Structures are given as C-alpha cells and as structure tokens.
Amino acid sequence: MTSFVGANITKTYTAADLTGAESGKAPRLGDTYESYDGKVYRFVKYNSGAGAIAAVANNVVGFYAPAGVSAGQTNEVTSDVSDTAANGAGVLAAAPGNGEYGWIQVKGVATLTTALVSGADGNGLVLSATTDGTLKVAAAVTDTVCAYAIDASAKIVMCAFPY
C-alpha cells in the first residue's frame with residue numbers, strides 16, 4: 001500500500017489501464033491518498049455483485065463477500081448488500097463499471113447521494129443490510145460502525161471506514 005500526492009479521485013480505470021499504457025501512472029490496488037482537506041481515499045476494484053448493482057458516485061459500498069460470506073476481500077467492493085458481510089468499505093468517489101477500478105472515501109466528511117435508511121445526528125452508522133448503497137443507525141453492540149451522522153437529513157456523514 002502506498003500513499004501519494006495528486007490523485008484524480010473521480011477517474012476510473014479498466015484492468016487494461018492498470019497494465020497497459022497507463023501502467024506506472026495509474027494507482028495500485030490498495031493505494032491510499034490523503035487530500036489537502038484531510039479526507040482519505042483508497043483505490044479499489046468495483047464488483048456489481050449477484051444483483052448487478054451499478055456503482056453510483058457518493059453511495060456507500062461494502063467489502064465484496066459473495067452471498068454474504070467473506071473470503072477476506074479488502075480491495076474489492078460492491079453496492080450489492082446481499083454480497084457483503086455487512087461491513088462498510090467506503091463512499092464511492094465516482095461510478096466505476098463492473099470490474100473497473102476507482103477510489104472510495106474512507107475518512108473525513110462526505111455527502112451521500114442516497115438518504116440514510118435510519119439515524120439521527122450523532123448516531124453511529126453501519127452498512128444497511130436491506131438497502132443498497134446506504135447506511136443505517138447501528139442497533140447492536142456487534143454492529144460494525146463505519147460512519148457517524150453529522151446532519152442526517154442532509155445526508156452528511158463523517159466517514160470512519162477501515163483502511
């Protein structure tokens with residue numbers, strides 16, 4: 001994993017970009033980037049999952065775990081909550097296609113595209129297990145909190161995803 005300066009967080013890459021002419025210019029899987037405002041991003045692969053859920057910029061993704069069973073994937077993410085183990089990975093900075101690569105925000109303030117399933121200002125949030133691409137209030141001590149509601153009605157959260 002490498003940290004560096006000057007990433008274009010809204011750019012997406014194909015597998016060919018990572019090995020072809022862009023090789024050496026493109027980020028590597030797992031690279032992190034901290035922006036001037038303290039937001040942290042991680043470079044990952046997007047998988048649309050069994051439900052073929054398209055990526056949407058500023059939606060939440062979880063670690064890819066086919067049929068909800070984790071195989072230890074930490075650099076592959078999906079919006080299809082049925083293909084996660086309920087562990088939030090980050091907020092998409094762009095909308096990569098299935099099998100493409102891009103950045104997810106893991107730390108700092110983010111404004112989501114999709115409203116929270118539940119939660120109020122100050123609540124700890126977890127990946128929703130019922131609604132693709134969003135968060136809900138943490139209800140049990142065993143929930144994996146990955147963000148906090150700053151302004152729930154405006155969809156503003158403080159990211160606290162693992163990276």
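Reply: Strands here are DSSP runs (E, at least two residues), numbered from the N terminus, and two of them pair if DSSP finds at least two bridges between them. The model is predicted, so local features need pLDDT of at least 70 and side-chain atom pairs pLDDT 80 or more, while totals for chains, interfaces and linings use all residues. Residues are numbered from 1 along each chain as its sequence is written, and side-chain values use heavy atoms, without hydrogens or water.

Me: Which residue in strand 10 is the bridge partner of Leu125?
Reply: Ala147. Strand 8 and strand 10 run antiparallel, joined by 2 bridges.

Me: And what does Ala147 partner in strand 11?
Reply: Cys159. Strand 10 and strand 11 are antiparallel too, with 4 bridges. Their hairpin has 4 residues between the strands, and Lys155 there has a positive phi near 65°.

Me: Is Tyr148 buried, partly exposed or exposed?
Reply: Tyr148 sits in strand 10 and counts as partly exposed because its relative accessibility is 39%; buried means under 20% and exposed over 50%, with a 1.4 Å probe and protein chains only.

Me: Switching topic: which residues touch the most other members of the largest nonpolar core?
Reply: Ile104, Leu116, Leu135 and Val157, out of 27 residues. Such a core joins buried Ala, Val, Leu, Ile, Met, Phe, Trp, Tyr and Cys through side-chain atoms within 4.5 Å. Strands supplying at least two residues each include strand 7 (101-111) and strand 10 (147-151).

Me: What is Leu116 in contact with, beyond four places in sequence?
Reply: Leu125, Thr134, Leu135, Ala149, Ala152 and Val157, with contact meaning heavy atoms within 4.5 Å. There's also a second, separate core of 10 residues, among them Ala7, Ile9, Tyr33 and Tyr41.
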